[in-house]
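Subject: Structure handover and notes

Dear colleague,

Please read them beside the model.

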Amino acid sequence: MKKLFFLLSVFSLTQTNAQQNLVLNPSFEDTSGVMNCNYYGGQIIPAVNWSGGNVGSTDFYSSTLPISCIMHPLNPTSAFQQPRTGNNYMGFASGLGGGVANNNREYVRGTLSQPLVVGTIYNIEFYVCLANLARTGMNNIGLAFINNTDPIFPIHTQIPLVPDVNYSGPPIIDRDNWTLLSFQYTATTPNLDAFIIGNFFS
């Protein structure tokens with residue numbers, strides 16, 4: 001049973017002096033292909049062109065599916081949370097209950113429309129919500145920039161990256177409202193055009 005499960009909605013990454021969002025499909029609303037009625041088994045979510053950062057099974061929820069589908073946001077046995085905007089959001093687990101599985105992780109991976117520019121300050125914002133099926137809240141939700149050609153990490157556990165930004169405030173325990181996480185980041189490495197969101201700490 002998943003014990004730390006968060007929902008992610010509406011992602012924005014802009015330069016401090018510009019309004020253009022560099023995140024491709026930032027609210028998961030541009031869909032193509034078939035959306036699953038059940039949990040996704042792989043790392044790629046083809047319907048929205050997002051993926052997981054490791055071999056965990058990041059989930060995609062859509063209110064365009066029948067409510068009987070477990071991937072409908074208001075299915076009683078699922079996340080049971082309305083999307084913040086639009087019809088869709090992503091879900092990821094930051095740990096699984098029971099024995100050696102306690103350190104299992106899922107991550108959300110997205111792509112930028114252009115690489116970060118060294119020395120440029122970026123505003124990073126996204127919304128999270130504790131899923132209804134979660135047993136506890138947490139902090140340490142971070143983001144690490146990567147190159148889009150970097151492979152998916154072939155592990156189920158914590159990804160060995162240091163996040164470029166990280167939320168370390170009070171644990172997020174709100175199941176009813178979306179919590180905004182907001183950061184400023186100055187790019188230090190060239191050619192980074194993708195990112196991974198999740199818990200990078202033990």
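In what follows, buried means under 20% relative accessible area, exposed means over 50%, and partly exposed lies in between, with a 1.4 Å probe and protein chains only. By that scale asparagine 25 is buried, at a relative accessible area of 11%.

This is a predicted model, in which local features need pLDDT of at least 70 and side-chain atom pairs count only at pLDDT 80 or more, while totals for chains, interfaces and linings use all residues. Residues are numbered from 1 along each chain as its sequence is written, and side-chain values use heavy atoms, with hydrogens and water left out.

Asparagine 25 sits in the loop between E1 and E2 (strands, E, are DSSP runs of at least two residues, numbered from the N terminus). Its side chain makes polar contacts (pairs of N or O atoms within 3.5 Å, one able to donate a hydrogen and the other to accept it, residues adjacent in sequence counting only if both atoms are side-chain atoms): one is with the backbone nitrogen of glutamate 29 at 3.1 Å, and another is with the backbone oxygen of aspartate 30 at 2.9 Å.

Taking a disulfide as a pair of cysteine sulfur atoms within 2.5 Å, the count is 1: cysteine 37 is joined to cysteine 69, with an S to S distance of 2.0 Å. The two cysteines are 32 residues apart and link distant parts of the chain, cysteine 37 lying in the loop between strand E1 (2-15) and strand E2 (44-45), and cysteine 69 in the loop between strand E4 (59-62) and strand E5 (88-96). The disulfide is left-handed, because the torsion about its S-S bond is about -100°. Cysteine 37 is partly exposed at 31% relative accessible area, whereas cysteine 69 is buried at 4%; cysteine 129 is buried as well, at 0%.

Best regards

Conventions: Helix = DSSP H or I, 4+ residues; strand = E, 2+ residues; numbered from the N terminus.
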